[in-house]
Amino acid sequence: MRFDQSKKMKKKLFILVSAGCMTLSLLGCGSNSSTSSTSGTSSESTSSDPAQNASASGTINVNTTYGTVIAYAKEGEEIKFKDDFPVQTLQFSGAGGAKYVLEAKPETGKNLKFLRWTKDGAEYSTDAKTTITIDGNAEYYAVFKDMDAENAYDYLVLVNKTHKLPDDWESNVVLEEATNRYGEKYKVEMKALEQFTWLQKELADEGIYIELDSTTRSVAEQQKLWDDWTVEKGEDYVKKYVAVPGYSEHHTGLAIDVCLDKDGKRIDDNDAMIAEREIFAKVHEKLAKYGFILRYLEGKDAETGYSYEPWHFRYIDDPAIAKEIMDKGITLEAYLGETK
């Protein structure tokens, strides 16, 4: 293993390897600091520089299930060193405020998709290359999705008022970000977004313009919505009009609410969109071709739990199944045999 060290570098890099764990410590040159390692851990003696003894100093652990982590020391925008660590765990420590760039690279030969960096279990960044700061002890984890795994999520998953989102769904679903013509950013499941883009293009060729209007909402976001509306509108209103956190199809990343852009004007009011029956009839005709179904059908409230929503599409991945559902005019509940 080697690393690049410029003549301008004012710090030394010490690398210790033990039991599949890499310990990396960044120490000031000329100080009386020292490093020792036992079972893959590191400790750093007190520096004579008060700035190096700031209470914000700490140790950061970086982990990834698949692939390689590239670590860069950073001073301003100047990269101080760069090295690849083909191990599952690396650990490094330094003074408070020290910055590093971490880049997660997928394992060669595997069909992997980078999802996110987490910090202490919470989402930190969706960029594979991200900057971190030593501000105490922290655990960073690079999350990849194995696209060929047998336990890939089920595109026919049923989430409604009586069927809860699977517990591991949010950690497995692969979301991509898209920006609509109004500059608004949305996240949609990767394949669903790809097929929606093709649907959008075919409709645009016929002079019909649909745009993303509401897509993925996490369980945490739904809980905040529930709490806020309870304060503003009251509990009875919320129970009638807001999905219980964990029971909204929008948690899946497979549900897309659209708005219309007609004559250069945005139409997103529910009543106004319901009135556009001719336009939506043409849109609905093309859904199955791209693996979508109309989720909340007219007159099927008792099955779905929701009234008619011509704007709410659900991606199920299989155009043949989507065509069967659309041609028969049935709900997803009916197709799956989950009607009461």
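## A tour of a predicted structure

Lysine 161 is found in the loop between S13 and H1. The model that places it there is predicted.

**Lysine 161 and its surroundings**

Is lysine 161 buried or exposed, or in between? Its relative accessible area is 46%, so lysine 161 is partly exposed, a class that lies between 20% and 50%. Leaving aside neighbours within four places in sequence, lysine 161 is in contact with Tyr247, Gly305 and Tyr306.

Another lysine is placed over a ring. Lysine 233 lies over the face of tyrosine 237, at 5.5 Å from the ring centre.

**The largest pocket**

Tyrosine 306 leads on to the largest pocket. Which residues lie nearest the centre of this pocket? They are Tyr241, Asp257, Asn270, Tyr306 and Glu309, out of 29 residues in the lining. The space inside is about 840 Å³. Several elements each supply at least two residues of the lining. The helices are H3 (219–233), H4 (235–241) and H5 (270–274). The strands are S16 (210–214), S17 (255–262) and S20 (309–315).

**Aromatic residues**

The whole structure holds 8 aromatic pairs. One of them joins tyrosine 153 and tryptophan 169. This pair is tilted, with 5.2 Å from centre to centre and 55° between the planes. The pair links distant parts of the chain, 16 residues apart. Tyrosine 153 is in the loop between strand S13 (138–146) and helix H1 (169–172), while tryptophan 169 is in helix H1. Both residues belong to one aromatic cluster, formed by Tyr153, Tyr155, Trp169, Phe292 and Tyr315.

Why do tyrosine 153 and tryptophan 169 count as buried? Buried means under 20% relative accessible area. Tyrosine 153 is at 11%, so it is buried. Tryptophan 169 is at 4%, so it is buried as well.

| Residue | Relative accessible area | Class |
|---|---|---|
| Tyrosine 153 | 11% | buried |
| Tryptophan 169 | 4% | buried |
| Arginine 116 | 14% | buried |
| Lysine 161 | 46% | partly exposed |

**Arginine 116**

Arginine 116 is found in strand S10 (residues 112–119). With a relative accessible area of 14%, arginine 116 is buried. Which residues does arginine 116 touch, leaving aside its neighbours within four places in sequence? It is in contact with Glu123, Ser125, Thr126, Tyr141, Ala142, Val143, Glu170, Ser171 and Val173.

**Strand pairs**

Strand S5 (residues 58–64) is largely enclosed by the rest of the structure, because 6 of its 7 residues are buried. S5 and S13 run parallel and are joined by 5 bridges.

Strands S14 (residues 175–179) and S15 (residues 185–189) pair in the antiparallel sense, over 5 bridges. Here glutamate 176 stands opposite valine 188 in S15. How many residues lie between the strands in the hairpin of S14 and S15? There are 5. In this hairpin, glycine 183 takes a positive phi near 80°.

Terms used: Residues are numbered from 1 along each chain as its sequence is written. This is a predicted model: local features need pLDDT of at least 70, side-chain atom pairs count only at pLDDT 80 or more; totals for chains, interfaces and linings use all residues. Side-chain values use heavy atoms; hydrogens and water are left out. Two strands pair if DSSP finds at least two bridges between them. Helices (H or I, at least four residues) and strands (E, at least two) are DSSP runs, numbered from the N terminus. Buried means under 20% relative accessible area, exposed over 50%, partly exposed in between (1.4 Å probe, protein chains only). Contact means heavy atoms within 4.5 Å. Rings of Phe, Tyr and Trp (its six-membered ring) pair if their centres lie within 6.5 Å; planes under 30 degrees apart count as stacked, over 60 as edge-to-face and the rest as tilted. A charge sits over a ring if NZ of Lys or CZ of Arg is within 6 Å of the ring centre and within 35 degrees of the ring normal. On a 1 Å grid over the protein atoms alone, a cavity is a set of points where a 1.4 Å probe fits but cannot get out, and a pocket is an open set with protein on both sides within 12 Å along at least five of seven lines; lining residues have an atom within 4 Å of a point. Grid points are joined across faces, edges and corners, and a volume is the space filled by probe spheres set on the points.
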